[in-house]
Amino acid sequence: MIRPSGRVAAVVGLVFALSACTTQVTGSPVPVPNPTTPRKAQTTAESLLGDLPTVDPCGYVEARDLKQFGEAVDGRPESLDFCLVTVTVTGGAKLEVLFGTLEQAASERDFKGELVDYEDLRIVEEPGESVRCARRLVFTDLVTLSVSVENYSEKAVPSTEMCRIADHATKVVADRVLAKEVEHRRFGAKSVGKLVACDAVRASLAKVPGLTGPKAYEYPAGHQCRWSNDGEASTPRARLTYAVGKPSEPDGKDSVREDVGGRPTVIHKSSASSVSFCVAETTHIPFEDGLQELAVVSVSLPSGTPADQACAAVKEVAAEVWAKLPK
């Protein structure tokens, strides 16, 4: 399985992930040294991480932390919310270890696996599949921090091996969080890193077919927002993500460059068995190391809906978002 490239491809992958069924993978959360030890404090996400929008997730795990599993290399940032390290294991498979995305659970019933104590935090398994093993750190306010190991190579890796890496990476993240060894970014005045995604979209949601009573789900760091009729990942839905990375290049087929709201915009459309969707991306300002800040809007509609309808809607939403980008 080959991993797609580019920011549009990353959003496309997220759409598939949200619409796909999953099964529980093998492996177990990081064992707790003393499960009878009571929590000593209210370890909320903000109390341990500080200002959530400025957290630099690339500081959670470094390549050297994973070198025992193979050749580990720090990856380039692909998001404001997560980072990755690639690990080439015995046999040549290249695994991606991703970490950092914060999400807010409504209650403990949202978790499919058992919550296991790890010092003043908890860890829970995420349902996965043969190419992915994931864990979440759970803070006392039910904000979660995700850690996953994913295999996009053509070479199979046992899920037990991926989960062994995931468990170790989760412990590395937990230890740094508990020690308050969290790094933060400094965003400039025109950066999207200072924006709250849920504040950027209002009137244009009425242009999304079937989205009659949009409810917003705001990610804790504020860089992402999702709208759907039930507040979950059901279709129809719209999503805005402020990101960093290498701007997407149109291929002239499924993706083209157009003017949307006076800004050059790459439009990518596609359909799958469970969803029809379209993505709009515009480049904002330089970030660092040759990367750019990006604004990405996606609209997902139920299967069978022409992708052109999703693209018409995504352009309406994108035009509203682009108009509010810092000048």
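Modeller: A disulfide is counted here as a pair of cysteine sulfur atoms within 2.5 Å. The model is a predicted one, in which local features need pLDDT of at least 70 and side-chain atom pairs count only at pLDDT 80 or more, while totals for chains, interfaces and linings use all residues. Residues are numbered from 1 along each chain as its sequence is written, and side-chain values use heavy atoms, with hydrogens and water left out.

On that basis the structure holds 4 disulfides, and counting the bonded cysteines along the chain gives the pattern 1-2, 3-4, 5-6, 7-8. Helices (H or I, at least four residues) and strands (E, at least two) are DSSP runs numbered from the N terminus; a residue is buried under 20% relative accessible area, exposed over 50% and partly exposed in between, using a 1.4 Å probe and protein chains only.

One of the disulfides joins Cys 58 and Cys 83, whose sulfur atoms are 1.6 Å apart. This pair links distant parts of the chain, with Cys 58 in the loop between helix H2 (45–49) and strand S1 (71–74) and Cys 83 in strand S2 (residues 83–88), 25 residues apart.

Another disulfide is formed by Cys 133 and Cys 163, with 2.1 Å between their sulfur atoms, and the 115 degrees about its S-S bond make the link right-handed. Because Cys 133 lies in strand S6 (residues 132–138) and Cys 163 in helix H3, the pair ties together parts that are 30 residues apart in sequence. Cys 133 is buried, with a relative accessible area of 0%, and Cys 163 is buried as well, at 1%.

Cys 198 and Cys 225 also form a disulfide, their sulfur atoms lying 1.9 Å apart; this link, with 90 degrees about the S-S bond, is right-handed. Here too the pair links distant parts of the chain, since Cys 198 sits in the loop between H3 and strand S8 (215–218) and Cys 225 in strand S9 (residues 224–228), 27 residues apart. Cys 198 counts as buried at 8% relative accessibility, and Cys 225 is buried with a relative accessible area of 0%.

Now to the charged pairings. Side chains of opposite charge can pair when their charged atoms come close. A salt bridge is a side-chain nitrogen of Lys or Arg within 4 Å of a carboxyl oxygen of Asp or Glu, and the structure holds 16 of them. Strand S6, which holds Cys 133, spans residues 132–138, and Arg 132 forms a salt bridge with Glu 126, the closest N and O atoms being 3.3 Å apart. Arg 132 is partly exposed at 25%, while Glu 126 is buried at 12%. Both belong to a network of salt bridges that links Glu 103, Glu 126, Arg 132, Arg 136 and Glu 150.

Helix H3, where Cys 163 lies, contains a further bridge between Lys 171 and Asp 175, at 3.0 Å from N to O. These two residues are 4 residues apart in helix H3 (residues 159–178), so about one helical turn separates them. Lys 171 is partly exposed at 35%, as is Asp 175 at 28%.

A salt bridge also joins Lys 324 and Glu 320, with the closest N and O atoms 3.1 Å apart; Lys 324 is partly exposed at 40% relative accessibility, but Glu 320 is buried at 15%. Glu 320 is among the buried residues of H4, which also include Cys 311 and Trp 322.

Finally, aromatic rings of Phe, Tyr and Trp (its six-membered ring) pair if their centres lie within 6.5 Å, with planes under 30 degrees apart called stacked, over 60 edge-to-face and the rest tilted. A search of the whole structure finds 1 aromatic pair. The rings of Tyr 217 and Tyr 219 have centres 5.0 Å apart and planes at 85 degrees, so the pair is edge-to-face. Tyr 217 is buried at 15%, and Tyr 219 is buried at 7%.
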